[in-house]
Each structure stands twice: as C-alpha cells, then as structure tokens.
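This report describes a single protein model. The account begins with one local contact and then turns to surface, fold and confidence.

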Amino acid sequence: MAEHQQQHHHPSRQAGESLKGMLPEKGPSSSQVIAVITLFPVGGILLTLSGLTLTASVIGLLLAIPIFLLFSPVLVPAAIVISLAVTGFLASGAFGITGLSSLSWIVSYFRGARAKMPEQLEHAKRRMAEATGQRTKDMGLTVPSKAHEGGRGGHEERRT
C-alpha cells in the first residue's frame, strides 16, 4: 500500500515540476512593471471613453428614431436614389478602367507584334529561299536525269 501511495504522489510531483518549468524563474523586470503601471490607467480611461461613446450613440439613436419615422417617406427614397447613383458612378468607373486597360493591352500587343514582325518576316524569307533553293536544286538534278532516262527509254523502244 505504501508503494501505491508513492506511485500516486509521483505523477503530481511531475506535474508540479513541469508547471515550474513553464513559469519564469525570476520575477518581472522593472521595464515590464513600469509598462503595466503606465498602461493600466490608459486602458481604463480608454475603456471608460468607449462606454460613454456607446451610451451617447444609443441615446442619440433613441432620440432620432421618431424623426426618422416622420421623414421616412422622404428619407427612404432619397437613400435609394443616392445608393443607385453611387452604384452607377462606381460601375461606370469600373467599366471605363476595364475599357482603357483593354485598349492599352491591345495597343501594346500590336506594338510587340510589329517589333517582332520584321524578324519573323526575315525568318520566313530565309525558309522560303532555302525551300525554293532546295527544290530548284532537286528539280535541276531531276530534269536532266529524267530527260536522260527518257532518251534511253525512247531509244530502247525504237530498237525493239
């Protein structure tokens, strides 16, 4: 039973030791203490101001609701018209920017194509010249040989 109690307390010692390993061995530095002392009142003041602002906003909204209800036949259509106008301006701007960027891309594409055009034409001319030259050379060799063969074939047929 004594062994069981020792084993039972042993895991708690390990947990305590691992917890001590997580905590810093010494206390906070003086700069950390000064930061907490300085920032605690500032945080409190800002939290108080945010609460006052929220309270004032709620009171102002409660006072403005009757005015909104009285003028809603005017305010709702006005809000719709303003939102449609803003949407129209944003859409026209987006379409304009899209059109300008498309035109810019097309112009730059054709400028790039023109810059490459002479190089491509020269390459095509060289290939055509090579192909034509090779074909002419082949034809030059083929025509006399065919003529020669034709001449032989014709003489042989006449002899027989």
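A polar atom of the Ser-83 side chain lies 2.8 Å from the backbone oxygen of Ile-80. The model is a predicted one, and the distance is computed from its heavy atoms. Ser-83 belongs to helix H3. With a relative accessibility of 40%, Ser-83 is classed as partly exposed, because this value falls between the 20% limit for buried and the 50% limit for exposed residues.

Helix H3 spans residues 72-159 and also carries Trp-105 and Tyr-109. The structure contains one aromatic pair. Trp-105 and Tyr-109 form this pair in a stacked arrangement, with 5.4 Å between the centres and 15° between the planes. The arrangement counts as stacked because the planes are under 30 degrees apart. Why are Trp-105 and Tyr-109 separated by about one helical turn? The two residues are four apart in helix H3, so about one helical turn separates them. Trp-105 itself is exposed, at a relative accessible area of 55%.

Helix H2, residues 30-70, supplies the largest share of the patch, with nine residues. Phe-68 is located in helix H2. The relative accessible area of Phe-68 is 46%, and this residue is therefore partly exposed.

| Residue | Relative accessible area | Class |
|---|---|---|
| Trp-105 | 55% | exposed |
| Phe-68 | 46% | partly exposed |
| Ser-83 | 40% | partly exposed |

For the protein as a whole, 0% of the 160 residues count as buried.

The secondary structure consists of three helices and zero strands. Read from the N terminus, the order of elements is α-α-α.

The average pLDDT of the protein is 78, and 64% of the residues score at least 70. Which helix has the lowest confidence, and which the highest? Helix H1, residues 2-22, is lowest with a mean of 57, whereas H2 is highest at 90. The helix with the highest mean confidence, H2, is also the one that contributes nine residues to the nonpolar patch.

Definitions and conventions
Residues are numbered from 1 along each chain as its sequence is written. This is a predicted model: local features need pLDDT of at least 70, side-chain atom pairs count only at pLDDT 80 or more; totals for chains, interfaces and linings use all residues. Buried means under 20% relative accessible area, exposed over 50%, partly exposed in between (1.4 Å probe, protein chains only). Rings of Phe, Tyr and Trp (its six-membered ring) pair if their centres lie within 6.5 Å; planes under 30 degrees apart count as stacked, over 60 as edge-to-face and the rest as tilted. pLDDT is the predictor's confidence in each residue, from 0 to 100. A polar contact is a pair of N or O atoms within 3.5 Å; within protein, one must be able to donate a hydrogen and the other to accept it, and residues adjacent in sequence count only if both atoms are side-chain atoms.
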